[in-house]
Amino acid sequence: MNVYVRQLANHEGETVQLRGWNAQKRDSKGLVFMVFRDGTGFCQAVIDVQVVGEEVFEIAKRLPQESSLSITGKVVKDERQIGGYEIHVTALEVIAEAEPYPITPKEHGVDFLMDHRHLWLRSRRQWAIMRVRNRIIFAIHEFFQSRGFIQMDAPIFTGNACEGTTTLFETDFYGEPAYLSQSGQLYGEAMAMAHGLIYTFGPTFRAEKSKTRRHLSEFWMIEPEMAFYDLQMDMDLIEDFIRYVVTKVLEDCKNELQILERDTTYLEKVREPFVRIKYEDAVRIIKGEVPVSGRTSFDMLEEEKQKLLAERESAEKEIAEREAKIKSGTLKKGEVNFNQSRIDKLKAQLTDIAERLQAVEQWIHSARNFVRGNDFGGGDETVLTKMFGQPVMVYNWPQAVKAFYMKEDEQEPGYAKGVDLLAPEGYGEIVGGGERETDLEKLKRKIQEHQLPMSAFEWYLDLRRFGNVPHSGFGLGLERLVAWICGLQHIRETIPFPRSYGRLLP
Ligand code: 4AD
Ligand code: MG
């Protein structure tokens, strides 16, 4: 019977057939231990010469990595093994023998792996990330659909900018300039006036001429838009939404998060209420003028620095001790290897600690020099969220740093009713949104101030002329959320085939 690895628990003790790939293998004394993968999961396949005979055993022993094959064998529970079950193989058939596989179990540089993204996707970590991404996408639809939101598809060719003119990708649309969509929001607003509650889920494009760990040129954005919602209701929805999605992943992707070695402490915190503070209060905290739970930003950064220095000291000490042991010449070969691999690990840790120390210095520098009224940089976001250790919503931003469509706060002129949700652990802004300007004259003025062509926005202004109502919305960057939930250092691993400055292939 053909089964999938993910179903093995239902077939304990039975003999089953599986089709998949040889992800990795080693052999010793008449046994081949293969990490077998079939797309739904990984398990160990044990091929015993006594069982399968010389001929099949030799085939298994020589089978190149990533060859495809079908195996038949008994399902045996073994909690120590990958996936918790192993297959005691009785028959094996090669489907296609692979050429020498470029990605081997040894370490590869990131550029090499990115160049082989089409193959890298098969590796265990990448597999886990894509599964989490899939669960997130499903949870997003579940959340909105169950609340009566209508999913809409906004156009990708657009005639106007939405999020400023500096990140536009221009293209040729039958001889006219067109831009790849930076956001579906303006179209979402139109649709919300037809359906009340809507959300878009589509690709968006930003020409970001720099390589950062948080920016892609092409990413997927989820943009709900709600008629009759004010900023408070918008923030409530953001909070419920993120809590729902993160909780679903925690419940359903335990295996994946384990593969990713994700410490879920901060993710669990989404169950508690999120912090909500105004921009000006956030600035006071960043600049160390106001403490949080008795400590200022500079106290926190100093603590962080001391912790890293202590980690560095202990790693250096351990390296010295192990090196001395090896030098003494009294160790057996196995012990030397063990100590050496531990030393290599510690040295990698030291590089990491050095980088983190440098980052802390930078944060201290930017916290000291932050200019009130500016937008937050990644460092400022990190400092702020580190003060709370949970998601933080910053609202009421200076109008100058936000988009033209943001509603001015009538109680606080000069401030826009915009909100950013900052994820903890240094992940920063994952959601941006707010209440929309409904005053036709103010909107026209803002379009002029932002030097946008009025004619391209006439249709948008109609939304204020006909059936104008208060409304709000937000945009979630899917890849930023995947990066945070999976605990990834870099956004490039969150999407099957990333597009970013300098990366168009594969
Ligand atoms: O803050 P942004 O620019 O807001 C908008 O586009 C609004 N129109 C959303 C709305 O209110 N409907 O982008 C929203 C989110 C960011 O918080 C971030 O998560 C993500 O989109 N994002 C990016 N993700 C990856 N790479 C980039 N270059 C991104 N730019 C924005
Ligand atoms: Mg933003």
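We'll start with the whole protein and then move to the ligand.

Before you click, note that this is a predicted model: local features need pLDDT of at least 70 and side-chain atom pairs count only at pLDDT 80 or more, while totals for chains, interfaces and linings use all residues. Residues are numbered from 1 along each chain as its sequence is written, chains are lettered from A and ligands numbered from 1 in the order in which they are written, and side-chain values use heavy atoms, with hydrogens and water left out.

**Stop 1: the whole protein.** Show it as a cartoon and you'll see 15 helices and 16 strands (DSSP runs: H or I of at least four residues for helices, E of at least two for strands). Its C-alpha atoms fill a box of roughly 85 × 55 × 45 Å along the principal axes.

**Stop 2: the surface.** Of the 506 residues, 50% count as buried, meaning under 20% relative accessible area with a 1.4 Å probe, protein chains only.

**Stop 3: ligand 1.** Select the residues around ligand 1: there are 23, and E163, Q185, E223, E429 and I430 come nearest (a heavy atom within 4 Å counts as near).

Now zoom in on E429, where a side-chain N or O atom is 2.6 Å from an oxygen atom of ligand 1. Next pick G432: a backbone N or O atom there lies 3.4 Å from a ligand 1 oxygen atom. Taken alone, ligand 1 exposes 630 Å², and the protein buries 94% of that.

Key
A polar contact is a pair of N or O atoms within 3.5 Å; within protein, one must be able to donate a hydrogen and the other to accept it, and residues adjacent in sequence count only if both atoms are side-chain atoms. Accessible areas come from the Shrake-Rupley method with a 1.4 Å probe; for residues, only the protein chains shown count as cover.
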